[in-house]
Amino acid sequence: MLKLKLGVDVGGTFTDVVGITGEGKVYFAKTPSTPQDQSIGVLNGIKMLLDSLDAPAECVSGVAHGTTVATNTLLERNGAVTALITTEGFRDVLHIGRQSRPELYDLHARKPESLVPRYLRREAEERVDYTGTVLVKLNIEELKKTVKELIDDGVESIAICFLHSYANHENEKKALAAIRETVPDFPVSVSSDILPEFREFERMNTTVLNAYVQPRMQKYVSQLRGRLDDNGITAPLTIMQSSGGMMTDQVAASRSVNTLLSGPAGGVLAAEFLANITPYRNIITGDLGGTSFDVGVVQNGSIGITGEGVIEGFPVKFPHIDITTIGAGGGSLAWLDAGGALRVGPRSAGAVPGPVCYGKGGTEPAVTDAHVVLGRVGGRLLGGKMKLDVNAARAAIKEKLADRLGMTVEEVAEGILRVANANMVRAIRVMTVEKGIDPRKFVLLPYGGAGALHAVELARSLEIGTVVVPIAPGNFSAFGLLVAPIRYDEVCTYHKHEKDISFERMEELFCQMEETARAEMKRDNVEESAVRFERKVDIRYYGQAYELTITVPNLPVDQKVFAGLAEDFSQAHEQAYGFKKEQDPLELVSLRLSAVGQADHNGLYAKGIHGDTNAEPEEVRKVYFMGKWMKTSIYNRSLLKSGNSFAGPAIIEDTGATSVIGPGDVVTVDERLNLIVKVADNAACQAAVEAGR
């Protein structure tokens, strides 16, 4: 019987499903997302794929899932009513934070409102110092009384974060046991489980975030598992972590904060996989869907993992793929500000009602409407299953924008795309130029339903010479779920001046984390022979406030190994900040360990059939480029073969995405059926327009 492993990625507008057989054959499906309950859209997509193959539910051997449930819970502020229990005298740490001002010169800037109001922040009689010594034992009876009061106040989830629990979690574990005695099944998040690292604010904030999103994530996982079981799909369900690894559905339900960047992680992982089977080792990824634009970087064939970041204004500290996200997508709405200037986003039409051209009740013009008006997207989507209303899109742009600006509909539509592109270029610069990376030395890899519509123009603006459009770009993130390994990340604080470091103690701590990770892998039925460990350390110059994470060779740590780490740190510091201070002493902060369960990738992303250099368009229609309607060749992506080559302007239509090739650009299909676009510079593009090509 056919065996299929499924990858399911839920976006703001569409849910993408990829199925792969043991022989490496890949199948795709795309269906509208169901924001009210994502599990409905997931099941619809799986059913669509199975029906297209006439395959039974029993053929599914595994479901790998990227979800935005935790992210949307935070964005929409509809998580659980959460309480915080912390050390006596420290309940306002959550409000005080770091006192930083992201908008330094904005006198009206406001910090995001705390997820836990002050009346739900309670204090416990206990105290541990920074060495881990218990100064005051936990008053358990007083804690039980506090918990009962919180539940009477309507609390739905509790976060526990005691001072210095990273050094000794004894009091936190006693608090958890006391709560379990009082209310056995109540959702509780404990900081020594969620984030056993120093810096009380980040640890507290991350624990609170977990408590805030956990009940909704737990409910979603339970609903999805139930729907799968009810439809005969009993295969294991795994959830994408923000770090680019998979975890079981049970773990995801308890460590929900680790899924906050689950959605965009899959595509960057797929790009990393592609970088290791093609000549393109340095890749900038651009995931453009219906509501957001996510940018990642693959350098020398490896993704970047960071230990801290900011999500919706909340500092978080957990391993996650380094990604920048902005509110820009096919559903981003175009509007005029108070000064009459054209703006795009961050508000989005989303899946419901969607852009005007979808005919689902949308009245405000979106980016997709601009593409439709300019002829860049034909009258149908999803392989012809979804009809688009071109006239409605034109009318919306005319009424809402063009008439007020005194411009033609085409001029405004092209302006919408220019503004959207400018927003996306800024996001790419954040991940490259601002981090000392020259984007001109990279290729741009677009995916998501709308990525290939904008990629060539983005590359032209950034002077990137090559765009690589992968197979099925609309489903690329779901494909990434299939190449993701099972992964767990461990961390322990080891705060020492370099003269006080004990290499024996470092090795002992690394070995303890390895044993913990082995136990987690065994629980998930991962063969020990398939597990690979990655050691890292957080290092800074003595006296600095923040550190850089440096990879440690899988060797016993000694003076020679440490000297190599010091050199690697100096180079990383110079790239990040423009200078290094090799004579200054170093300071270790934390030790990290990643356990990665390697998967079998044989047969994935198979090579295509070689054809001749000529490719015949299915039709020729007029498309608007740079202020001019031009005759443009329209190609069917599924009919293109390895070796085909043609020049723009061209439109390449796929089931889940459309690629726009500008005047003067040249496309070649490589051996793995990727579209390799050599991007013309602005002068060459303008010359091609004037020549009428």
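Modeller: Rings of Phe, Tyr and Trp pair if their centres lie within 6.5 Å. In this predicted model, Phe 273, Tyr 447, Phe 476 and Phe 479 form one aromatic cluster.

Biologist: How many aromatic pairs does a search of the whole structure find?

Modeller: The search finds eight aromatic pairs.

Biologist: Why is the pair of Tyr 166 and Phe 198 called edge-to-face?

Modeller: The ring centres of Tyr 166 and Phe 198 are 6.4 Å apart and the planes stand at 75°. Centres within 6.5 Å make a pair, and planes over 60 degrees apart count as edge-to-face, so the pair is edge-to-face.

Biologist: What makes this pair a tie between parts of the chain?

Modeller: Tyr 166 lies in the loop between strand E9 and helix H5, and Phe 198 in the loop between helix H6 and helix H7, so the pair ties together parts that are 32 residues apart in sequence.

Biologist: Why is Phe 198 called buried?

Modeller: Its relative accessible area is 14%. Buried means under 20%, so Phe 198 is buried.

Biologist: What makes Tyr 541 and Phe 569 an edge-to-face pair?

Modeller: Their ring centres are 4.9 Å apart and their planes are at 75°, so the pair is edge-to-face. Tyr 541 lies in strand E28 and Phe 569 in helix H16. Both Tyr 541 and Phe 569 are buried.

Biologist: How do you know whether Val 297 is buried or exposed?

Modeller: Val 297, in strand E14, has 9% relative accessibility. The cut-off for buried is under 20%, so Val 297 counts as buried. Val 297 touches several residues, including Ile 283, Met 431 and Phe 442.

Key: Residues are numbered from 1 along each chain as its sequence is written. This is a predicted model: local features need pLDDT of at least 70, side-chain atom pairs count only at pLDDT 80 or more; totals for chains, interfaces and linings use all residues. Side-chain values use heavy atoms; hydrogens and water are left out. Helices (H or I, at least four residues) and strands (E, at least two) are DSSP runs, numbered from the N terminus. Buried means under 20% relative accessible area, exposed over 50%, partly exposed in between (1.4 Å probe, protein chains only). Contact means heavy atoms within 4.5 Å. Rings of Phe, Tyr and Trp (its six-membered ring) pair if their centres lie within 6.5 Å; planes under 30 degrees apart count as stacked, over 60 as edge-to-face and the rest as tilted. Lists of a residue's contacts leave out its neighbours within four places in sequence.
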